[in-house]
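The following dialogue is a tutorial in reading a protein model.

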Amino acid sequence: GLSIAQGIALGLKLQKKDARVFCVLGDGEIQEGQIWEAALCAPKFKLNNLVAFTDANNGQIDGHVTEVMDLRPLADKWRAFRWAVHEIDGHDFSQILAALDAAKKETDRPTMIIAHTVKGKGVSFMENNIGWHGVAPNAEQTQKAVAEITGGKR
């Protein structure tokens, strides 16, 4: 996704269009080499119209990101690639909006927003349970999850 988002952002810049491109990445996904190729390239072209989010929940199909291919220190890596970096609580909408506002002010580099989240947050049987990565709940589990998230209100 990041390579495609970068291409779109570059195309918009070349066309002198005032538009922004957003990309959502998983922390497991960014273990891939093509992500880091895009990370290196985007600042070269001063793609301040590119904003990427990393959902940093430490989960992927193969297990915990820290055990499969540890990315720490993640923010430092993006800064080393010359991105503007904001680390936030990905469950806090005020922090999300503040990071997006800061990204709008960037004049010559892309922005990475590292959103620290909890996989399955708010659902007792899913929260921090890596086994739910890529698995859909059945009807009964869905009802229970919705009830827990909404407090029984629908």
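**Reading the model**

Directly following α6, G151 adopts a positive phi of about 70°. This is a predicted model, in which local features need pLDDT of at least 70 and side-chain atom pairs count only at pLDDT 80 or more, whereas totals for chains, interfaces and linings use all residues. Residues are numbered from 1 along each chain as its sequence is written, and side-chain values use heavy atoms, with hydrogens and water left out.

Q: How many residues does α6 have, and what does it reach from its first C-alpha to its last?

A: Helices (H or I, at least four residues) and strands (E, at least two) are DSSP runs, numbered from the N terminus. The expected span of a helix is 1.5 Å times one less than its number of residues. Here α6 has 12 residues and reaches 16 Å, close to the 16 Å expected.

Q: Which residue caps the N-terminal end of α6?

A: The cap is N138, with a side-chain oxygen 3.1 Å from the backbone nitrogen of E140.

Q: Which residues other than glycine have a positive phi, and where do they lie?

A: Most residues other than glycine have a negative phi, and most peptide bonds are trans. In this model, N58 has a phi near 60° and is placed in the loop between β2 and α3. N128 also has a positive phi, of about 60°, and belongs to the loop between β4 and α6 (139–150).

Q: Are N58 and N128 buried, partly exposed or exposed?

A: Buried means under 20% relative accessible area, exposed over 50%, and partly exposed in between (1.4 Å probe, protein chains only). At 25%, N58 is partly exposed, while N128, at 55%, is exposed.

Q: Which residues does a cis peptide bond join?

A: The bond joins R72 and P73, with omega about 0°. P73 is in the loop between α3 (65–68) and α4.

Q: How many residues has the largest nonpolar core, and which elements give two or more?

A: A nonpolar core is a set of buried Ala, Val, Leu, Ile, Met, Phe, Trp, Tyr and Cys residues joined through side-chain atoms within 4.5 Å. The largest has 26 residues; L2, L25, L50, W78, W83 and I114 have the most contacts inside it. Two or more residues come from each of α1, β1, α2, β2, α4 and β4, and α2 gives the most, with five.

Q: Which residues does L50 touch?

A: Contact means heavy atoms within 4.5 Å. Not counting residues up to four places away in sequence, L50 touches L2, A5, Q6, A9, V21, A42, W83, P110 and T111.

Methods:
A polar contact is a pair of N or O atoms within 3.5 Å; within protein, one must be able to donate a hydrogen and the other to accept it, and residues adjacent in sequence count only if both atoms are side-chain atoms.
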